Amino acid sequence: MEFLSYLISGLNLGSVYAIIALGYTMVYGIAKMLNFAHGDVIMVGGFISYYALDAVFKKSGLPFWFSAIIAVVLAMIVCTVLGVLIEGLAYRPLRAAPSLAVLITAIGVSYFLQNSALLICGAQFKTYQSIISGTLNLFGGGLSIPYVSMLTVVVCIVIMVGLTLFTSKTKMGKAMRACSEDKGAAQLMGINVNKTISTTFAIGSALAAIAGVLLCSSFPILKPTTGSMPGIKAFTAAVFGGIGSIPGAFLGGLLLGIIESFAKAYISTQLANTIVFAVLIIVLLVRPAGLLGKYVPEKV
Amino acid sequence: MSKKLKKLSGAPKRDYFSYLLVTAAFILITALNGGGLLSKQMQGLLVPVCCYIIMALSLNLTVGIMGELSLGHAGFMSLGAFSGVVVSQSLITAVPNDALRLVISIAVGAVVAAFAGFLIGLPVLRLRGDYLAIVTLAFGEIIMDVINCLIVGHDANGLHVIFNFRGDKTVADLDLAEGGVAIIKGAQGAVGTKTISTFTAGFIIILITLFIVLNFIRSRTGRAVIAIRDNRIAAESVGVDVMKYKMIAFVISTTLAGMAGALYGLNFSMISADKFNFNTSILVLVFVVLGGLGNMLGSIIAATVLYILPEALRGLQDYRMLIYAIVLILVMLATNNPKVRNLFLRIIPKRKSAEGGTAK
Amino acid sequence: MREFEKGKMVPMPSTALIPERDLGKMPVLECIHVGIEFGGLKAVEDFNFTIGKTEIAGLIGPNGAGKTTVFNMLTRVYNPTHGTIMIDGQDTTGKSTVQLSKMGVARTFQNIRLFTDMTVEDNVRVGLHNQMKYSTASGILRLPSFWKKEKQSHEKAMELLSIFDMQDMAGTKAGSLPYGAQRRLEIVRALATEPKLLLLDEPAAGMNPNETGELMENIVKIRDTFGIAVLLIEHDMKLVMGICEGICVLNFGKIIAKGTAEEIQRNPEVNKAYLGNNGMEE
């Protein structure tokens, strides 16, 4: 029983990581950059939905579930616009620049978002109201599963399947894959590279908004640095699964969440991150391109 | 003949200029301080600035010269800091002379960080590019977590160490004899440290670091490392052992970070492992990139200016980090995008000459 | 001699045509049934080839025939899946690229691989890496061995650069050199490792006829001065036919002919598979 409940909380956490990692992996695959601001977009999604839910539910008298949907949609819209703006203003001018310059810019954007949030929302953390409350009790109360965990896992699976279909079936999805392989060649084939990259950032940021809502629903403390650690963990998950690979990000996220949950429960709360990172290191030593990544040796 | 030898050593004038500038700055600041012209706040910044300069030089060796992105460099600083503090606090009675104890502590901090650099380098340096970066990040976090679990004390019987990974131990479990002191108290970090770091010590270590890094770059080993950065496959084809030379550069880099850490740790009576988190690694990386990859003088200047800048902006309170972020983004855009650069030059024509001078 | 006894398609060469041939002694390179597969695809198959100690040999064939793959196997960038490669009588199985360099195999690359941010002189000095040794510590502390070896390596680098009259460019960044000079610098860097066998991957690519002519003279000069063997991949038939004493033709990973320039030109198989039926270029 205990084992099952740890597994469920691991799946819950892992699904949040997976959703963030899916966005991360798409952006990395196409822009080949470590977007350290991705985690902060999650935080923005959390704050937008927090204020929206508060305002809509209290002032309009609409039912809670409907207010929650409005809040989530609003968060997605704001984050999508934010993501496209960040890409257009900060990253696009640096497309020809060395990757380190882009990395530092991403760090600058991350600081910018965090400190803007600090100024607007204050340093005091907010207690997030979960968009879905209650638990499902099984085995006469021996095992209780929060509805939010179930929702998170379901949403994660839907997103994974949706993205897989999107990248393999649609024209835009194929354009994304082409750009991630070779931007120059894609451009020669008539693909609008800038538009494709913008779209990728839009999707990645919308996913970050969803992740923000689900993350804060499960772990209700919201502050300007809320997104940093999950962002890093999700990136770890993406690398773990094989960066650039959608099923890899999904698998990596889930595994990471489960490992973290079990490590906290059975080994040590203090060393949970250490264990997660140690597993990552071991995986990369055995499979240098991650679990599902393809290792492409340099051509001589 | 001497001119020819100078040419042979490959040291451009900028190398000598770096030594000169650091020395001049030291003399100037010492004079200002002696004249009572430095505020208390500024005085407090002197040693940390030295530490971050050393960190920037150290990281520039890894990122600029070796060409590998390290996102966990603060971890090595942390190892240096805590091992330095433990040694210094343990030797208070045995070595009453502060300066001598500082030297010993820094040496131990360097050795510990070097050893850790070697162990971590073994797996890390086999990886490439962003995979390597993410693993250095992972090791940085691991080092932080592990130090957070340490409880260390010292008494007449020697060192007592507990690895508090379940979070249920306290200082009382150290069983210290009468007169013993706790040096590291788990997540609280090192407390009650006797601060023995001095600005002069910082200056000397900067000079040593510069000497090591600059001479390294212009030696056979340094050339091999740069060759690997420029073209790994070609370097292998002329018989350069990639793993070996990357390891040498990395260990030197972590050794220097350990020295910086020991100096830093012994500058504060309290310090916790969280101080050396991912953000600190990033902070140093920003110094290195803005100062110019492989440009040691640039690292020194960038570390000094960027470390003091947020402190100087304290008057702006909450806005200072926001301004810092915006400046960071604008500088990256201006230095890497010709269009943005031209825009800047048009808006601020006066700075044209200044930017032209520092662009290289 | 043994090389051409093995080759079935071509008759024994007349040694009178190629006076410098010395295959009778221990060969510097001996490939025995060498082959490599990439995921089931046989890139090179049953490659048998031998080069004498001071021979200039050519490896030709259409694009994608596997010529560069052979070079990559000779320098152990790729490990052959079949067969044995012997360098100067020593088996290279299990050796690394670095060890192969120490055993005396040096190469240039089809897509030039210089240390672009380093000066011309420093590029050559990296080539001298295993020739002019001193420890990292003496480098940092500037001990006497540093000064001595740096002086020697400077002189040696200049001497090597003088082969191509490149001393004046010693201080230039390698990346800013014109194309032809970059190719020449790669050769100098390879020579700095004191090889027994020099592998040149399309040394004349992108050069005009004058430059190619000079290069031909220089390759022969290098062989004569250093007494080493040269194996080159080249599409310029004038160069190959002009200086190569033994030629090996590769098509779809297999050797279709071996012999002297004249024999190769007369070989109907080669004409059909590689040159088309119209005969030689030019």
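B:His160 sits in strand E2 of chain B, residues 158-163. Helices (H or I, at least four residues) and strands (E, at least two) are DSSP runs numbered from the N terminus. This is a predicted model: local features need pLDDT of at least 70, side-chain atom pairs count only at pLDDT 80 or more, and totals for chains, interfaces and linings use all residues. Residues are numbered from 1 along each chain as its sequence is written, while chains are lettered from A and ligands numbered from 1 in the order in which they are written.

**Around B:His160**

- B:His160 is partly exposed, because 19 other C-beta atoms lie within 10 Å. Buried takes 20 or more such atoms within 10 Å, exposed 12 or fewer, and partly exposed falls in between, with C-beta atoms placed from the backbone.
- Leaving aside neighbours within four places in sequence, B:His160 is in contact with B:Val152, B:Gly153, B:Leu174, B:Asp175 and B:Leu176. Contact requires C-beta atoms, placed from the backbone, to lie within 7 Å.
- B:Gly67 is 93 residues from B:His160 along the chain, and their C-alpha atoms are separated by 40 Å.

**Chain B against chain A**

- In this interface, 37 residues of chain B are in contact with 37 residues of chain A.
- On the chain B side, the elements giving two or more residues are helices H6 (129-148), H11 (278-291), H13 (319-336) and H14 (338-347).
- H6(B) gives the largest share of that side, 11 residues.
- By class, the side of chain B that touches chain A has 27 nonpolar, 4 polar and 6 charged residues. Ala, Val, Leu, Ile, Met, Phe, Trp, Tyr, Cys and Pro count as nonpolar, Asp, Glu, Lys and Arg as charged, and the others, Gly among them, as polar.

**Helix packing in chain A**

- Helix H2 (residues 38-60) and helix H4 (residues 99-121) of chain A pack at about 25 degrees, with axes 9 Å apart. Axes are lines fitted to C-alpha atoms, for helices over the stretch in contact, and angles run from 0 to 180 degrees between N-to-C directions.
- H2(A) is therefore roughly parallel to H4(A); the term covers angles under 35 degrees.
- A:Asp40, A:Met43, A:Val44 and A:Phe47 in H2(A) meet A:Ser110, A:Leu113, A:Gln114, A:Ala117 and A:Cys121 in H4(A).
- That contact has 6 nonpolar, 2 polar and 1 charged residues.

**Domains of chain C**

- Chain C is assigned domain 1 (2-113 + 194-278) and domain 2 (115-176). The bounds come from an automatic or database domain assignment.
- Here, 4 residues of domain 1 are in contact with 4 residues of domain 2.
- The domain 1 side of this contact divides into 1 nonpolar, 1 polar and 2 charged residues.

Conventions. Contact = placed C-beta atoms within 7 Å. Parallel < 35°, antiparallel > 145°, perpendicular 65-115°, else oblique.
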